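Me: I am new to this structure and would like to learn how to read it. Could you take me through a few features, one at a time?

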Amino acid sequence: MSATATSTPPAAAPKVSGGKGGRTRFSLPVVLLIVAGALLALSAVRAVTGAQDVTSAGQISAALAMAVPIGLAGLGGLWAERAGVVNIGLEGMMILGTFFGAWAGWQTSPWLGVLAGVVGGMLGGLLHAVATVTFGVDHIISGIAINILALGFTTYFAKLWFNSGEAAAKGGSPKQSPPADDITSVTIPGLSDWLHSVEKHHWFFVSDLAGVLGGLVTKVSLLTILAVVLFALTFFVLWKTSFGLRLRSCGENPVAAESLGVNVYTYKYIAVIVSGGLAGLGGAFLSLVTSHIYNEGQTGGRGYIGLAAMIFGNWRPGGLAMGAGLFGFADALQLRNGGESVHALLLLLVVVLAVLAAWKLYRKSFVQGVVSAVVAAAVLVWYLATDSVPTEFVSATPYIVTLLVLSLSAQRLRMPKADGMRYRKGQGK
Amino acid sequence: MKKIDKERLLLGIAAPVLAIVVAFLVTALVLAATGKEPFSAFGIMFDYGLKSDSQVYILNKATTYYLAGLAVAVGFRMNLFNIGVDGQYRLAAFFAAAVGGALTLPGALQIPLIILTAMIVGAMWAGIAGVLKVTRGVSEVVATIMLNAIATAVIGYLLQQGRLGHLDEAGTKISTKPLPESAHFFEFPTTPTPVWGFIVVAAVAGVLYWFTLSRTRFGFDLRTVGQSGSAAEASGVDVKKMVVTSMVISGAVAGLVGMPTLLNDSYEYSGDFPVGIGFTGIAIALLGRNHPVGIALGALLWGFLERGTGKLEFEGYDKEIVGVIQGVIVLCVVIAYEVVRRYGLKRQQSKVGAELAAQAATRADDQAARTNDQQEVSA
């Protein structure tokens, strides 16, 4: 067993990196450059338009809080899809997480609530694993069924458990749980205040940097820190251990994995259950940190956005974190002065589209170039003709961003080779 | 006409029946576990669900659900997951209601115009996902989910006074301008409440769906792409074109989903227009196995469950139990179908194997006989 484990890495390595060939990898310096570039662009937008909230500490800390549930759902998707199981049931598992999190949370301590949320999500994951791995049901169909089931169960039990006796007396209703206690938030004492004072000067770039850092060190929930740790842990487990290599091999080529003695079913089960647990944690974050209560329809499709963030991140934790950050930022816009901020960001969109148009024309792909230029001009007209973006469009921003980003990037992505495919033991014989 | 395989038919029916039985068992367990008596609940549901006014209610609900199921099934038949029926039908119904409210034409013109508007809007919204899939490689699952949310935002923006919204006389409810009398669809004068005439359109759509898929070249291509994209490509089917076309068709059918409600019931689009029917359609298409008759049965079952559990609310139960029943049915049914499919494959394989073995045996006999003959001749 150990002999096969040691001999596997070199065999698999060239295959993983050579998927499409010539693709830039997201190494640390590249990521830092992208982050710095984005920050520079944002500060330019802020300076030009005067929409101060674009990089304020409040905006960033709200973005972080919004990014965590999306990121956790995406991380759940990452585990499942790396083992070859598409998990569109993340939304349902998140719903289970919000429900069980709040259910245990208001009665006992919020940390027990977190645990209950994780367990609830894992149960959803187990169901998905039974359906897809043992019975071989199409992954997307099973996922949709789980979403429908989770919604049905939680709606029924919310009415039963939150609308009677003590729960009702404490503010529960058929669609809402009583509030749970706070989960501790931490602020780094001196640093946070100092960054805040720097931010108030509105210096170009420096204040923006201070705003971003300030948002990251002020009132950060312990659960957020746990989420960051889980990202690092996922990377370590999936890419630096033999367990992770075997798990990923189940997503790339289960028949080959099987021939090396890996029990593919077991690995898929583990991956999908962990996936459910992470989505459940994301749900528990929504009900215990974001709002302190369970609310029907609270997830609002974040499970799906998490999945989109993972695809955007090319099935890698680092890319996923960037995607979750982007969607979290877009999501947070609607909380704070969204109309003005999104309006300011339109200018950024104009610049990006104009650059894209120039590039496409230079590369002689005239149709795309002209289309980009026309869209850029239209957005510019929109920007100049209005002062603010209607709230409805602000709330649609994360979804539009998802679509735009995916349509620009989807072709460069490489998903695990056997992702979403049926696998039966012994099918390669 | 191919011969009907009795055992295969039996297996096909066994799966959903099994799923429904399991769902009722699970529901009984859930009810019992929460301290409620399950069997009287089912008794109430059946008694009430079969009354004549309930039958009308169920038919009317099923009309909408049937169309939603068809819309989803068109995509499913070629392995295309149109999760966006929900957004497509809402956007379509909204624009159709706006167009219908703005015009007053004779019914023979007005009604087709409204329906056509709905179908075009639905088709376009779904087409976005189709085009993104073939040109940019965006998964239609993610794209349609995003388009659902964007549709909500678009409707929210336009359904305001001064845009396409219209405040009613009490000044409390905002909706599109109500349709004129001429745009009301006909009804069957049943008692105590009428059956919506749109059920006829739904039935026609079902027949068309059946005809297109099983009796035309297009339907054959569509199913081929669903079973194997590469095989279809090799036999000369333009897979990309098929993806966009079937997405557009799926969206056009989705456009019809809101029409029974709009033309037979509400006559306007407002905040209380039914939502989430796209997802119901997914459940029903799964239940009915993308078969026009199966989808109809699924739609009727869904209507029945909703009607029956609605009554439970007055008998000390919670009507939300319907979500549990439906959820368990869907999950069980997809598992049951898969088990049955695999069993059928195995059966087919062993049957073919047995036939081949029998053939080989007779051939061996023949050969033996022939060698005997030859030996006799040479001797």
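Me: In which helix of chain B does B:N264 lie?

Reply: B:N264 lies in helix α11 of chain B, residues 259-266. Helices here are DSSP runs (H or I, at least four residues), and strands are E runs of at least two, numbered from the N terminus. Before we go on, this is a predicted model, where local features need pLDDT of at least 70, side-chain atom pairs count only at pLDDT 80 or more, and totals for chains, interfaces and linings use all residues. Residues are numbered from 1 along each chain as its sequence is written, chains are lettered from A and ligands numbered from 1 in the order written, and side-chain values use heavy atoms, without hydrogens and water.

Me: Is B:N264 buried or exposed?

Reply: Buried means under 20% relative accessible area, exposed over 50%, and partly exposed in between (1.4 Å probe, protein chains only). B:N264 counts as buried because its relative accessibility is 3%.

Me: Which residues is B:N264 in contact with, leaving aside its neighbours within four places in sequence?

Reply: Contact means heavy atoms within 4.5 Å. Among the contacts of B:N264 are B:F185, B:W196, B:G197 and B:M259. Its side chain also reaches the backbone nitrogen of B:G197 at 3.5 Å.

Me: Let us turn to chain A. Which residues of helix α8 are buried?

Reply: An α-helix has 3.6 residues a turn, so residues three or four places apart point the same way. In α8 of chain A (residues 189-199), A:S192, A:L195, A:V198 and A:E199 are buried. They lie on the same side of α8(A) because they cover an arc of only 125 degrees around the axis, taken from the directions from the helix axis to the C-beta atoms. These buried residues pack against α3 (57-82) and α9 (206-217) of chain A. The face turned away from the buried side carries the exposed residues A:P189, A:D193 and A:W194.

Me: How many residues does each chain bring to the contact between chain A and chain B?

Reply: Chain A brings 43 residues and chain B brings 44.

Me: And what area is buried between chain A and chain B?

Reply: Buried area is the accessible area (1.4 Å probe) that two parts lose on being put together, summed over both. Here the figure is about 3,800 Å², with carbon and sulfur atoms giving 78%. A:Y156, A:K159 and A:L403 supply 17% of the area that chain A buries against chain B, more than any other three residues.

Key
A polar contact is a pair of N or O atoms within 3.5 Å; within protein, one must be able to donate a hydrogen and the other to accept it, and residues adjacent in sequence count only if both atoms are side-chain atoms.
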